[in-house]
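Q: I have a new model open and I'd like to learn how to read it. Can you walk me through a few features?

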Amino acid sequence: AFVGFATKLEAKTAMLSCVSSLAVTHPVKIEKYEGKSDASDAEKAFVEAASGPESILKVTGLPVETTPVELLQSMFPPGTRLDAMFGPLTKEDSIRVSPTTILIHLASADLVSKALKSTNIANNAAVVGKRSAQVLRAKRERVFDGWTGPNRRFGKSKLSSRLFVTGDVPPEELFLSHHNVLHISGLPSTVTLTDLATFFQPFSADRRDIRGSGHIVRCSQGTPTGTAYIGFELPGEIDQVKELYNGKATICGADVTFRPVRDKLLRRGRREGARPERSLEELNDDLNNWERHVDPKDIEELEKLGVEKSILDEIMLTMRHHNRSFAAVDQAMPGERLHEQRRVGQHYQDVVRKYIKTLKECVATKEKPGMLYEAMFAPDQEVDMGVFDYEEERIKALRKKGM
């Protein structure tokens, strides 16, 4: 049901205060199972496997969203005396025969008789029937309504007639930071992000980010609604899930359904693709090959002037390997960059080009000593070029020694 309010404040106050008054109690009862002629094939097979109806409990009046595993864990809590006496029980020891009825197979008819007399089991089953209504926020969708501002730079939006309830769409950060997102419904209330990460880890090339790649939808009171979103970073990972499970699987004992989240039309810009994955050769080339950013003629010119390429290699590699701004900051993919206006690797490229350009401007020769060298002499004094002859002889001597 949808309830409207005049203001957001009234809606928020009602959402937080009305939950206790909306609690629902289902009449859960534990009975001895009596066979019936119109039973389904699955029910008949379950009874035959249990060696007759005498060792079967019948639980009726359950909430529709109750899973067999949740019922077993509530009636026979793990690690308790009830679990030791009647268990251990697994999902295979139960079957749902109707939306509100579940059959439980115990080891013997004597245990069934004890379970029917146990007040603790009856109280535990009654707890399963106590449910509070889930209150979720609903708001109208905002849709594109043209462009405005200088040069039509800013997009306008308007409210549409479509309502979005909490959990209808994945969180924006999760959706934009992953290549594909999967919607899961039918989860038990006890499921955690760790459970989901463990289940989907075989389909992920890297170790899954438990919090960053998953989201459990919760109501206004923080109770899980039974739905969740899971993100996949690389192309093809979600296809493996669909191929193996075909839209249905079992997670934490509950039968769940999968549905891929479809992209929405972007009026301007684009959603980023998969996170880049480079080979070892590509990484080494990015770290060490600084020459691709400059003109080879500039390197040859500097070598003729006495600046050896080995010296430039040492300078560039030291700068690249010891400066964090050329690592994650410069290599981050679009959408996660500190400076979105720059392309990937542009910062290092600009620095290399500027360094080579500045180095060429600072180099002095006998033909062009430069204003800095000429300023060392008085205006009417002859410029002494002997230092260039000395430097030329020094470089020849070093090359002769192999340095």
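This is a predicted model: local features need pLDDT of at least 70, side-chain atom pairs count only at pLDDT 80 or more; totals for chains, interfaces and linings use all residues.

Q: Which strand gives the most to the positive patch?

A: A charge patch is built from residues with over 30% relative accessible area and no salt bridge, like charges being joined within 9 Å. Here the surface patch of positive charge gathers Lys8, Arg137, Lys139, Arg140 and Arg142. Strand β7 (residues 138–148) gives the most, with three residues.

Q: And is Arg140 buried, exposed or partly exposed, and why?

A: Partly exposed is the label between under 20% (buried) and over 50% (exposed). Arg140, found in strand β7, counts as partly exposed because its relative accessibility is 44%.

Q: Which residues of strand β12 are on the covered face, and which on the uncovered one?

A: In β12 (residues 248–251), Ala249 and Ile251 make up the covered face, while Lys248 and Thr250 are on the uncovered one.

Q: What does β12 pair with?

A: Two strands pair if DSSP finds at least two bridges between them. β12 has four bridges to β13 (residues 254–260), and the two run antiparallel. Opposite Ala249 you'll find Val256 of β13. Together β12 and β13 form a hairpin with two residues between them, and Cys252 in the turn has a positive phi of about 55°.

Q: Why is helix α3 called largely enclosed?

A: Count the buried residues: α3 (residues 68–75) has six of its eight buried, so the rest of the structure largely encloses it. Those buried in α3 are Pro68, Val69, Glu70, Leu71, Leu72 and Met75.

Technical notes:
Residues are numbered from 1 along each chain as its sequence is written. Side-chain values use heavy atoms; hydrogens and water are left out. Patches are made of residues with over 30% relative accessible area and no salt bridge: like charges are joined within 9 Å, nonpolar side chains (Val, Leu, Ile, Met, Phe, Trp, Tyr) within 5 Å. Accessible areas come from the Shrake-Rupley method with a 1.4 Å probe; for residues, only the protein chains shown count as cover. A salt bridge is a side-chain nitrogen of Lys or Arg within 4 Å of a carboxyl oxygen of Asp or Glu. Lys and Arg count as positive and Asp and Glu as negative; His and the chain ends are not counted. The place of a charge is taken as NZ of Lys, CZ of Arg, CG of Asp or CD of Glu. Buried means under 20% relative accessible area, exposed over 50%, partly exposed in between (1.4 Å probe, protein chains only).
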